[in-house]
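This note sets out some points on the model shown below. Please read them alongside the sequence and the coordinates.

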Amino acid sequence: MNAEFARASRPTDCPCGGAAPNRASGAKPPRYADCCGRFIDGGDGGDAPATALELMRSRYTAYVLGDTGYLRATWAAHTCPADLDADPAAPGAPRWLGLAIRRHDVLDATHAEVEFVARYKTGGRAFRLHESSRFTRGDDGRWRYVDGDIHEN
Ligand SMILES: [Zn+2]
């Protein structure tokens, strides 16, 4: 996909809604360009998320936008699936409806956890993905997603 098309198809409001622990559910969403857009569309020289929480939000937004390249770039190399494809137009692909952040725990300078609930629809049915995700910060100072535990509720 060329960069101009990618930019033209970006939303005005950020799909992540600026989700954060204790954020009111009806709060006005931030602008995409001011929120996850500066990470997703920033390229190699762009801003990197300063916290695992910001990275979590931007990865949710990348799923909404189908930006597989960003998901791969922010996934720890040893856990990133080889067949990762977030194309929202693919058959059976989830339609993401919203993100809520339950918890952001900074464990130390290079480890953090984020617990979230993401709502989505697929095949006409609504689902919730409730996960506690682990993140690490590399020698380059960038946070990356490692893996997560799914909560069965
Ligand atoms: Zn955002």
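1. Helices (H or I, at least four residues) and strands (E, at least two) are DSSP runs numbered from the N terminus. UniProt, in an unreviewed entry, lists residues 51-148 as "domain: YchJ-like middle NTF2-like"; its positions follow the numbering used here, feature names are shortened, and annotations may be inferred rather than shown by experiment.

2. The model is predicted: local features need pLDDT of at least 70, side-chain atom pairs count only at pLDDT 80 or more, and totals for chains, interfaces and linings use all residues. Residues are numbered from 1 along each chain as its sequence is written.

3. Four strands form an open sheet in the order β1-β2-β3-β4, with antiparallel pairing; two strands pair if DSSP finds at least two bridges between them. Because β1 and β4 stand at the edges with a single partner strand each, one side of each is left without a neighbour in the sheet. Neighbouring strands are turned by 25 degrees against each other on average, direction ignored.

4. β1 and β2 form a hairpin with two residues between them, and their antiparallel pairing runs over 11 bridges. Within it, arginine 103 has glutamate 115 of β2 as its bridge partner.

5. Strand β3 (residues 125-137) pairs with β4 in the antiparallel sense over seven bridges. Here the bridge partner of glutamate 131 is isoleucine 150 in β4. Helix α3 packs on the sheet and touches β1, β2, β3 and β4, its direction making about 160 degrees with that of β1. Axes are lines fitted to C-alpha atoms, for helices over the stretch in contact, and angles run from 0 to 180 degrees between N-to-C directions.

6. Which residues touch the most other members of the largest nonpolar core? Of its 30 residues, these are Ala52 and Val114. α2, α3 (52-65), α4 (68-73), β1 (95-108), β2 (111-122) and β4 (143-150) each supply at least two residues of this core, and α3 gives the most, with nine. Such a core is a set of buried Ala, Val, Leu, Ile, Met, Phe, Trp, Tyr and Cys residues joined through C-beta atoms within 7 Å.

7. Leaving aside residues up to four places away in sequence, alanine 52 touches His104, Ala112, Val114, Phe135 and Trp143. Contact requires C-beta atoms, placed from the backbone, within 7 Å.

8. Asparagine 22 lies in the loop between α1 (3-8) and α2 (37-40). Although not a glycine, asparagine 22 has a positive phi of about 70 degrees. Asparagine 22 is exposed, with 6 other C-beta atoms within 10 Å; a residue is buried at 20 or more such atoms, exposed at 12 or fewer, and partly exposed in between, with C-beta atoms placed from the backbone.

How values were computed:
Contact = placed C-beta atoms within 7 Å.
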